[in-house]
Amino acid sequence: MADELCLTARKIIKVYPGTLALNQVDFNVYRGKVNVLIGENGAGKSTLMKIIAGIEQPTEGTIQLNGETVRIRDTREADAMGIGIIHQELNLFPNLTVAQNIFMGREYTRGGILIEHKKHLEKTRNLLARLEHPIDPNILVSDLRVGQQQIVEIAKTMAQQDLHVLIMDEPTSSLSTAEVEVLFRIIHELKAQGISIVYISHRLEEILRIGDYVTILRDGRFIAEEKVRKIDIPWIVRNMVGHNETSFIHKQEKTMGDEFLRVESLTLPRKGGGDLLDHVSFTLRAGEILGVYGLLGSGRTELFECLMGMHPAVTGDIYLEREKIKPRSIPEQIKRGFAHIPEDRQREGLVQTLSIAKNMTLASLWNYTRGIHLIDKKENASITKTIEELEIKVADRNLPILSLSGGNQQKVVIGKGILTAPRILLLDEPTRGIDVGAKADVFHLINKFAAQGMGIIMVASELKEIMAISDRVIVLSNGKLTGEFCGDEITEEALVKASAIGHSTFKVKNIS
Ligand SMILES: Nc1ncnc2c1ncn2[C@@H]1O[C@H](COP(=O)(O)OP(=O)(O)OP(=O)(O)O)[C@@H](O)[C@H]1O
Ligand SMILES: [Mg+2]
């Protein structure tokens with residue numbers, strides 16, 4: 001029996017000033033299936049999803065839900081039709097609690113007035129327990145890490161009643177293996193309830209595991225639709241980029257320099273007791289790529305923040321070229337040659353009101369200033385070089401940063417770090433939301449920097465990536481260093497095992 005269509009989009013056109021984001025796109029959503037949408041950064045995936053979720057209006061084209069043509073004028077109407085979305089750029093209110101965010105706009109009330117806070121708290125606790133992530137429902141969203149916010153976004157859509165279509169725009173971009181497994185179990189449950197899922201991801205292995213149907217977009221156009229069991233990764237890449245991808249990530253043979261950075265017994269107390277980092281020690285040589293692996297909350301991001309001088313309460317010793325340093329502020333650390341590419345581009349990486357170009361040179365302004373005047377020529381030349389090197393898809397560098405697709409925004413954050421000409425580069429999830437082709441570009445660039453003698457520390461939640469590029473990997477769990485691996489010792493099993501040490505929440509047996 002043929003699979004039944006739940007929602008169809010026909011000949012969708014979306015014009016933004018200066019950009020044709022969607023050009024007569026057709027898209028099918030099959031009932032009770034995982035419908036995967038793939039395409040390079042800027043292909044139009046999020047735009048199409050925003051139209052289906054009522055956030056944007058199509059310039060032209062029609063949408064049918066259960067065989068009837070519908071107009072989805074806003075998110076409220078989408079909600080009423082049972083269409084929910086987990087946004088790529090997380091969409092929570094930072095100054096509200098987890099529970100308030102989850103029940104925003106769909107509060108339980110008594111007598112239509114009194115909000116039932118207790119019920120919200122209890123339901124939030126249940127949802128988060130189902131996601132195997134016992135985050136405190138009373139905590140403010142601004143106190144959560146990106147990955148945790150992603151979990152809250154997922155919980156929020158699960159709280160929606162009468163859900164028919166659930167759109168997930170890169171739900172796993174900040175999640176590591178164990179957390180992805182939990183999400184996949186939930187997706188199976190939702191499918192069994194007849195809910196249709198639209199799933200966007202740049203992690204291709206993931207798509208082959210979870211997907212039933214796949215649709216490919218390229219440059220705003222529909223390219224292909226196929227059943228996932230009939231295709232493989234080369235098919236995806238071919239359709240995505242229009243030719244056979246030739247660039248792969250290789251570990252490069254190189255000679256490493258002397259010890260560059262030494263960290264001894266780094267300890268960062270947690271506000272409510274315990275330690276966010278607990279006596280962490282490691283070294284980094286010039287030209288070395290050191291991978292850091294760990295689950296959400298393992299301390300991976302805090303480690304970078306300490307090195308950037310963002311936590312005055314940290315204790316322990318840090319030596320740069322055998323000289324003791326005390327990181328006190330970000331500008332000071334940038335002057336010492338550190339650059340940090342943060343995980344949370346929305347909050348720390350970018351200034352949303354500034355243009356693409358201004359965002360890129362923000363951290364390195366003194367390179368271009370003499371007195372108070374900006375030297376535009378030099379600045380412009382560096383920006384052009386970086387846009388080319390990272391193949392950032394920009395129509396006009398003077399447009400606001402928010403007009404770029406998610407992956408291209410991430411590339412601007414990377415460009416911003418590189419423009420400071422650092423000696424030590426701290427990369428926190430550098431490939432988050434970046435397509436396969438661009439990932440290879442970013443890794444080539446990292447290899448090139450290492451070959452020039454830069455010291456590189458990279459946090460990545462995708463095992464394959466960290467394994468492909470690191471000379472050495474350290475693993476953190478609950479703020480403690482639980483493993484260090486070199487060369488052939490760097491295996492999936494070893495990293496996953498070490499990352500689960502001291503963890504009770506995650507069931508290691510479920511990790512494939
Ligand atoms: N508000 C906007 N104003 C102008 N252009 C926009 C706007 N939003 C998106 N675009 C443009 O539309 C195109 C499609 O963007 P979209 O966000 O849909 O890409 P995407 O496929 O989701 O990419 P990614 O994988 O990077 O998330 C891009 O060229 C982008 O710059
Ligand atoms: Mg997108």
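The model is predicted: local features need pLDDT of at least 70, side-chain atom pairs count only at pLDDT 80 or more, and totals for chains, interfaces and linings use all residues. Residues are numbered from 1 along each chain as its sequence is written, chains are lettered from A and ligands numbered from 1 in the order in which they are written, and side-chain values use heavy atoms, with hydrogens and water left out.

With a relative accessibility of 1%, T172 counts as buried. Buried denotes under 20% relative accessible area, exposed over 50%, and partly exposed in between (1.4 Å probe, protein chains only). Beyond its neighbours within four places in sequence, T172 contacts Q150, V180, L183, Y199, S201, R203 and E206, a contact being heavy atoms within 4.5 Å. M467 lies 295 residues from T172 along the chain, and their C-alpha atoms are 19 Å apart.

## Nonpolar cores

A nonpolar core is a set of buried Ala, Val, Leu, Ile, Met, Phe, Trp, Tyr and Cys residues joined through side-chain atoms within 4.5 Å. The largest one holds 48 residues, among which I38, I187, I197 and Y199 touch the most other members. Helix α6 (residues 177-192) supplies the largest share of this core, six residues. A second, separate core has 44 residues, including M454, I456, A460 and L463.

Setting aside residues up to four places away in sequence, I38 touches K45, L204, I207, V214, T215, I216, L217, I236 and M240.

## Packing of helix α17

In helix α17 (residues 492-499), the buried residues are A494, L495, V496, A498 and S499. These buried residues pack against α16 (463-469) and the strands β15 (289-293), β23 (472-477) and β24 (480-486).

## The chain as a whole

The chain contains 17 helices and 24 strands. Its radius of gyration is 23 Å, close to the 24 Å that the globule rule gives for 512 residues, so the chain is as compact as a globular protein of that length. This radius is taken over C-alpha atoms, and the rule is 2.2 Å times the number of residues to the power 0.38. The C-alpha trace spans about 70 × 50 × 50 Å along its principal axes.

Of the 512 residues, 55% count as buried. Among contacts with a separation of 6 or more, 68% are between residues 24 or more positions apart.

Methods: Helices (H or I, at least four residues) and strands (E, at least two) are DSSP runs, numbered from the N terminus.
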